[in-house]
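Please look over the model below before reading on. My notes follow it.

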Amino acid sequence: MFTSLLENVVQTRPLVHCITNYVSANDCANLLLALGASPIMADAPSEVEEITSHAKALVLNMGTLSETKLTSMLLAGQKANQLGIPVILDPVGVGASHFRKQAAHQLLSTIHFSVIRGNASEIETLLTDKSISIGIDVASPKTVTPYTIQGILQLATALSHKTRSIIAVSGKTDLVTNGYMTYAVFNGHSDLTRITGTGCMLTSLIGAYCGANPSQLLEATVAAVGTVGISSEFAHQKCELLQGGTGTFRTLLLDAVSLITPIQLQGGLHYEIYT
Amino acid sequence: MFTSLLENVVQTRPLVHCITNYVSANDCANLLLALGASPIMADAPSEVEEITSHAKALVLNMGTLSETKLTSMLLAGQKANQLGIPVILDPVGVGASHFRKQAAHQLLSTIHFSVIRGNASEIETLLTDKSISIGIDVASPKTVTPYTIQGILQLATALSHKTRSIIAVSGKTDLVTNGYMTYAVFNGHSDLTRITGTGCMLTSLIGAYCGANPSQLLEATVAAVGTVGISSEFAHQKCELLQGGTGTFRTLLLDAVSLITPIQLQGGLHYEIYT
Amino acid sequence: MFTSLLENVVQTRPLVHCITNYVSANDCANLLLALGASPIMADAPSEVEEITSHAKALVLNMGTLSETKLTSMLLAGQKANQLGIPVILDPVGVGASHFRKQAAHQLLSTIHFSVIRGNASEIETLLTDKSISIGIDVASPKTVTPYTIQGILQLATALSHKTRSIIAVSGKTDLVTNGYMTYAVFNGHSDLTRITGTGCMLTSLIGAYCGANPSQLLEATVAAVGTVGISSEFAHQKCELLQGGTGTFRTLLLDAVSLITPIQLQGGLHYEIYT
C-alpha cells in the first residue's frame, strides 16, 4: 500500500503551496523536491488564493508568524477548503505566545485542516488552551509531562474529534490518528532533534503525500512520517560511518529522502495499528 | 575571453545587491562568495537606494514577493539605472499570479534591465501576457509547449527587442541573446532541477559577472551560465562517486563554484553562437 | 574554566531568542542546536516580548533589517533588560545605510547590551558615526584602515566604555574586551570569510554561552569566539583531506561545533590576556 502512495507522488509531482517560516523554508523546498513533489513558497495576501488554486496541497506553518502571514494563511486556507484541496497545519511553538494561540484559534475556527502535525506539547496546547477554545467544549483529558504514549493518544484522539482532522504527533514514537484508527510508527532517529526544521520538513512531506493521494489521507500521513523516519535511520548510519556531526547528518537526510524507493518505504516502515 | 571575465570577478570582488526571496537567499549569498563576489541582501524601502549606490550590480528576484519588496525593487532599480549599474531580473514564477504579473509590468515599465533570466515559461509570460504588456505592441511569436529550441529563441529574441535587455533562458540548452547574437550553452546537469533555487543562484552569479564586467554584458551572462553548468557537471560526477543524493549534490555544487578556475571555465564551456 | 562554560550550555540547553536576518537564520538555528542550545526565531511585534520572557538570552541581528523588525528589537530588548536577560547585538553592515545607523542609534539609546559583536569597521561606525552618537561625547580614537590590532583595541575599549558592553571584534585576531581586560583570541581559519553568516552564527553562540553563564559574560563571549575559531580549524583540516570547497567547509563547520568537547575547547583555545 505504502508503495503506491510514494509512486503517486513521483508520478504526479504535486505542487505543494507552503506558507511557512523563513528559518526552514529552504530545507522544506529541498525535501519536497527530493521526494519528487514541486514546492511553491508564496505568502503575500495579494496572491496566495491564486497560488493555492494551482496547488494540490496547502501547508500552513506557524514559525516566524506575522500578522500579514496570518492574513495570507486565512485567505489561502479558505480557498483550499472551497476547492477541496487538503490543508495541513504545523502549529510551531503555538504555546510560546498569546499571538500564536490567537492565530491558532482563528485558523482552526476558519479552516478545516485535513492534517495537523505537531509535537505532544503543541497538540496539547491546541486542545486545552482556553484562548484557543475550538469546537464543542468537551472535557479534555489531563496529561502531565513527561508524556506517556497513552496520554498522547488520548490528546490526539480528542483533538481529532474536535477538529475532524487527522492528528500526527511527533516524538520517540510517532502517532497518526483519525480519531478512530491510529498508526504508531516506530521509525526515526533522535538526530532529527539536533537539526532545525525537521518537524517543518515532515509537515511539508505530509502535504506532498496528501496532495498526491487525496483519498487516502490517513495512510498518506503515515507514509510521510515513515519517509522521514526511515530516511533519518539511513542518514544516521551513513553519518556514523563518516564520523560526521549534525551538518553531515543534515546533508544525508536530504540525500536519503531523494534516494528512498517505494519498496524501501514499504519494507522499512515499522508500525502498529490501534483501533 | 571567458578566462578574463572570471578573473575580473575574483580581482574586483564586486558587491552585488540582491533583493530576493527568503527561500534561496542563503544559497545565493554562498554562491556569490564562492565565486569571489560580495553579496549584500537588503530589502527595506528605507535603505535600498543607498545600498544599491554602493554596489556594482543589482539583482531583483520575484520569489516570495511582497508589496513592500516590490516598492524596494522599484526604488533600487531606478537608482541603479541613474548610476549606470547593471540590473538583473529573475521573474520567478511570474505566471503564477496576477500580483506577479502586475509586479512584472511595473518593474519592466520603470526599470531598464541589463539581463532578464528565466525559464521558457517565464520568458513567454513576460512577452505575451496581456496584463504585463510592455513596450511597443508587436506581434508575438506563438509557441506551444513542449518548447522547441527554435521556439524559445524566437521568444527570447522578441523579448530582447521589446525590453532592450539580454535574455537568458534556462533549460536543457541554455540560450543567451541580445536580440541579434545568441549563445546556446550546452553545459549543465539535470540534477540542477532537483534542488531548490538553482535558477536564483544563476541569476545572482549573472549579477557578479556583469558587475565585474560592465562593458561585456552578453559574454558575462554566458560566463555565469557556463559557471553553473560546468559546476553542476563536476558536482554530479563527484556525487555519483560518493553515491550521494540531492543533499550531497547541493553541497558539491557550492564546492564546484568555489573551486572553478578561469581555465576550467574557458575549457569546459560548450557553446555555439547563432547570429 | 572554559570547560565548565561549555558544559553549562550542554546541561542547561538555554533558549536563545533570535531576531535576525533571513539569510543566515537557518545556519544560526542549526549552530545553536549543534552546540546544545535551543533556538527560537520570532520577530512579530505582537509576540517578541513574551518570547523573550521565556528565553535565557536575546540576540538582535541587523541583517535584512526592516522597520517592523526594528520595532520588535526595541520591544524585546527592553523586556530583556527588565528581566536581566543578556542581550547581544550584531550590527551587521551598520555603515551601509542611514537607516541602519539610525536603527543602531535607537537600539543603543534604548537597550543595554551585554555584548556587541562586529568586525572592526562596524565597531568603528558605532563609535564614531555622527548620526549614531551614543552616550557621552568623548574624543574618539582615530584609526585608518588597514586596521592595526592596537587601533582596533582602542576602538573596542572606547566603545565598551561608552556602552558599558563587552565588545567582541572579529578579524584575523579576535578581540574581546570589557573595557579593562581584553582577550586576544588567535584561533580561526580564513575559510570563515568564504561562507555567508559566520559572523551571525558566532553572535548566536555568544547568546548561548551568555545565556548559560550569565555571571561570566566576558569569558562566555571568549568561549563562543573560541568555539567558532577552533571548529573552523577542524573543519578546514578535514575539508582539505576531502579536497572540498566552501560547501563542504560549511557542512564541516556545523559538524565541528556539534562534536566539540569541553576539553577540546579548553585545550584548543589560543589566547592572550591584555590588561
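1. Ground rules. This is a predicted model: local features need pLDDT of at least 70, side-chain atom pairs count only at pLDDT 80 or more, and totals for chains, interfaces and linings use all residues. Residues are numbered from 1 along each chain as its sequence is written, chains are lettered from A and ligands numbered from 1 in the order written, and side-chain values use heavy atoms, leaving out hydrogens and water.

2. First annotated pair. The UniProt record, an unreviewed entry, gives "binding site" at Arg117(A) and Ser170(A). They are spread over 54 residues of sequence but cluster in space, with a largest C-alpha distance of 7.4 Å. UniProt positions use the numbering adopted here, feature names are shortened, and annotations may be inferred rather than shown by experiment.

3. Arg117(A). This residue sits in strand E5 (residues 115-119) of chain A. Helices (H or I, at least four residues) and strands (E, at least two) are DSSP runs, numbered from the N terminus. Arg117(A) counts as buried because its relative accessibility is 5%; buried means under 20% relative accessible area, exposed over 50%, and partly exposed in between (1.4 Å probe, protein chains only). Beyond neighbours within four places in sequence, its contacts include Asp90(A), Cys200(A) and Ser170(A). Contact means heavy atoms within 4.5 Å.

4. Ser170(A). Is this residue buried or partly exposed? Ser170(A) is partly exposed, because its relative accessibility is 22%. It lies in strand E6 (residues 166-170) of chain A. A polar contact of 2.6 Å links its side chain to that of Arg117(A). Such a contact is a pair of N or O atoms within 3.5 Å; within protein, one must be able to donate a hydrogen and the other to accept it, and residues adjacent in sequence count only if both atoms are side-chain atoms.

5. Second annotated pair. The unreviewed UniProt entry also places "binding site" at Met41(A) and Gly197(A). Met41(A) is in strand E2 (residues 38-41) of chain A and is buried at 7% relative accessibility. Leaving aside neighbours within four places in sequence, Met41(A) contacts residues including Cys18(A), Val23(B), Thr64(B) and Arg100(B). Gly197(A) falls in the loop between strand E8 (182-185) and helix H8 (198-212) of chain A, and is buried at 13%.

6. Lys101(B). This lysine belongs to helix H5 (residues 98-110) of chain B. Lys101(B) is buried, with a relative accessible area of 12%. Not counting residues up to four places away in sequence, Lys101(B) touches Asp129(B) and Ser131(B), among others.

7. Helix H4 of chain C. The 17 residues of H4(C) (67-83) reach 25 Å from first C-alpha to last, close to the 24 Å expected at 1.5 Å a residue. That expectation is 1.5 Å times one less than the number of residues. Among its buried residues are Lys69(C), Met73(C) and Ala80(C). Just after H4(C), Gly84(C) takes a positive phi of about 75 degrees.

8. Cavities. The structure holds two cavities of 30 Å³ or more. A cavity is a set of points on a 1 Å grid over the protein atoms alone where a 1.4 Å probe fits but cannot get out; lining residues have an atom within 4 Å of a point. Points are joined across faces, edges and corners, and a volume is the space filled by probe spheres set on them. The largest cavity has a volume of about 340 Å³. It is lined by 26 residues, and Arg250(A), Thr251(A), Arg250(B), Thr251(B) and Arg250(C) lie nearest its centre.

Definitions and conventions
1 Å grid on protein atoms, 1.4 Å probe; cavity = no way out; pocket = protein on both sides within 12 Å on 5 of 7 lines; lining within 4 Å.
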